[in-house]
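Please keep the sequence and the structure in view while reading.

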Amino acid sequence: MAGMCYGVNIAETEATTPVEPSSEAARRRRMEIHQFRFVPTDVAVAPSLQENGRKRHKVEKVVESKRQKLETSVTISLSPALVVSDEKKLAEIEKESETEVVDLSESGPQSVNIEPEVAFDFPKFGMTSVCGRRRDMEDAVAIHPSFCKENSESSSSLHFFGVYDGHGCSHVAMKCKDRMHEIVKNEVEKGEAPWKETMIQSFSLMDKEVVDYSSGSSASGSDCRCELQTPQCDAVGSTAVVAVVTPEKIIVSNCGDSRAVLCRNGVAIPLSVDHKPDRPDELNRIQEAGGRVIYWDGARVLGVLAMSRAIGDNYLKPYVISEPEVTITERTDEDECLILASDGLWDVVSNETACGVARMCLQSRRPPSPTCSPGSDITVTGAGESSDQACLDASILLTKLALARRSSDNVSVVVVDLRKDL
Amino acid sequence: MTSLNNNVSDQEAQHSCYQEWMKLQQQDLLELIHALHDSSSDSSTSDLKLKQLIEKSIKHFQDYADTRRHLARSDVTAYLAPTWCTSLESSMLWISGCRPCSFIRLLYAISGKEFESHLPNYLQGKRCGNLSELSPAQFNSIDELQRRTIRLENRLSDKLASLQEDIADQPFAIIANEVAGNLGGICRETENALDTHAKCLMNVLEEADNLRMETLKELVMNILNPLQAVNFLVAGKKLHLCINAWGKTRDHLHGRNRETAERNTCPTLS
């Protein structure tokens, strides 16, 4: 749908808004463009598998209205945001955008200088999230490419990836999915704070929202199963592993036992350390706060929760905290991919195996899963809609592996391709 | 009230309905296995053949459900607590049959097992198009089907729970509490109440059968390709027949149903 409008709108851009080099207006326009790009990719990716059909319908409407609003400012930069599901399409799109870039260069050099950079900035990712062997789905995944800018001077955009594994009920995980990226965006746009503080503040705000939500009357109207049991709502929480990917860095913030692993030159590097109650430093922290870790089907805080940090879980505060551990990793040319997953994967698949599988998927770059039957030979559907085929393939493969190894939990896997020159 | 003779024939009809079904399962299984064998040597004509077999399996399932429904209308409790199953089978019943979601668990188990052994080949780009190679689209559809089925399953479980609780409420509890003398005597009021209750149970049973049927159909006719579907049906029938056979062996060990265990010797697949 993004592709539909740019041809028309370029003409309008030329006619109504001549490009002023390096002016405030030009920059604002570029910002608007990104806002536009952000809508179709962002919303099309985020819905959970089951709701996809309905949500997609909504997306079209949103885009429609946004398009009217932004009509004069939409330019060629839309094309990188298009759904790219295989290499052939990608080649076509690139060809198209090249021709258009030539057109634009005649009307104003500024756009041309900036947009190609953004085009290469578009991340490749794939996501799979399934109920698996559990009867409740409590995992949630949020992916928001280009969710905000690093600062007002730079044009490079940041990408957001989050995996949330709820416990007690799914509503805290769902809240995180809906809100965390917005909170982080706000904090980033506030400006000066270093990443670590930004992320700690974001998690704290997220936690506060969840606690307010649970204690307030707003809990009714949700369709979670703890709807009418307000006191119980305190006993609901979620893990959160969030990766913000910038052109130079990967910022991973983690709370709980979901995990982010970087695959660098074939080596698996964990970018987060699970918060288990029996981790020596966590055990100390809990005991110093006056809490106890009781071994009952594994180490549990007060004998209840099998992780030492989480969003929500108000009743276990201050022993269970929502403060994330933040790692900041400089990206290198040897980086291959980033894997974010819930414990449904990590319980049965080691970091090394996961990296090995994901890496082979990305390297082979072969055509995707077989087109099995005439009825089901759509290569990409559902949440994979605007994702990269090799990454989607990798995420599915890892999910299948987890299920094959009898993972008894929900399984959610995000694979982000980090290779720079492809 | 039905006569004693009628009762005996009811029970016989119920038993033979199940025995026939198990026999049919076995025949269908052998046919499916043969077809799989044939299709591995000649892939050109097999898809149509496989599709026909899938339809046949589904039809047999539907016929069984229809016959059962017919018999259950006059005696639904017999179907909720069947005397013709082994205790192993009975212990796993959900509203007189398997849980619809177990189809998906079975699929995950079979495809997972196949997947792990084929993973090295898969990463080298080799394809066999079987259950280990569910496409992203299929994978999504299965997850969607699973979530929907769990939701519907839970709803039916809740309905059954309410009906079971109703027994401890008006009117049964009050009638029972006021009984003096002969405990076994059924008055008209009790008769009516039990009949009304049975009608509600019958509705739940029919809905459960529909859900089983719909889930299976969606899986083997819409989501899986014919080859995958036949593999899946083979696995399902084998599981069903095995549990029946294991149940007989176990019952025999505990001294139950010695005569029936001898009469129904366990089938072999050769």
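What is the mean pLDDT of chain A, and what percentage of its residues reach 70 or more? The mean is 73, and 60% of the residues of chain A reach 70 or more. Here pLDDT is the predictor's confidence in each residue, from 0 to 100.

## Basis of the model

This is a predicted model, in which local features need pLDDT of at least 70, side-chain atom pairs count only at pLDDT 80 or more, and totals for chains, interfaces and linings use all residues. Residues are numbered from 1 along each chain as its sequence is written, while chains are lettered from A and ligands numbered from 1 in the order in which they are written.

In chain A, pLDDT stays under 50 over residues 25-120, a stretch with 136 contacts beyond four places in sequence. Residues 366-385 of chain A also have pLDDT below 50, and the model gives them 55 contacts beyond near neighbours in sequence. Two residues are in contact if their C-beta atoms, placed from the backbone, lie within 7 Å.

## The sheet of chain A

Five strands of chain A form an open sheet in the order S1-S14-S13-S7-S8, with antiparallel pairing. Helices (H or I, at least four residues) and strands (E, at least two) are DSSP runs, numbered from the N terminus; two strands pair if DSSP finds at least two bridges between them. Strands S1 (124-130) and S8 (267-270) of chain A stand at the edges with a single partner strand each, so one side of each has no neighbour in the sheet. On average, neighbouring strands are turned by 20 degrees against each other, direction ignored.

Within this sheet, S13 (residues 335-341) and S14 (residues 411-417) of chain A run antiparallel and are joined by five bridges. Ala341(A) stands opposite Val413(A) in S14(A). Strand S7 (residues 259-264) of chain A pairs with S8(A) over four bridges, again in the antiparallel sense, and Val261(A) stands opposite Pro270(A) in S8(A). S7(A) and S8(A) form a hairpin with two residues between them, and Asn265(A) in the turn has a positive phi of about 50 degrees.

## Helix contacts

Helix H12 (residues 389-404) of chain A lies across S1 and S14 of chain A, at about 150 degrees to S14(A). Axes are lines fitted to C-alpha atoms, for helices over the stretch in contact, and angles run from 0 to 180 degrees between N-to-C directions. The axes of H12(A) and H5(B) come within 8 Å and cross at roughly 110 degrees, which makes H12(A) roughly perpendicular to H5(B). Angles under 35 degrees count as roughly parallel, over 145 as roughly antiparallel, 65 to 115 as roughly perpendicular and the rest as oblique.

In chain B, the axes of H2 (residues 46-74) and H9 (residues 226-253) come within 9 Å and cross at roughly 40 degrees. H2(B) and H9(B) are therefore oblique to each other. Residues of H2(B) including Leu50(B) and Ile54(B) meet residues of H9(B) including Val230(B) and Leu233(B).

## Backbone details in the loops

The peptide bond from Lys317(A) to Pro318(A) is cis, with omega near 5 degrees; Pro318(A) lies in the loop between strands S11 (311-312) and S12 (325-330) of chain A. Another cis peptide bond joins Gln170(B) and Pro171(B), where omega is about -5 degrees. Pro171(B) belongs to the loop between helix H6 (136-166) and helix H7 (172-178) of chain B.
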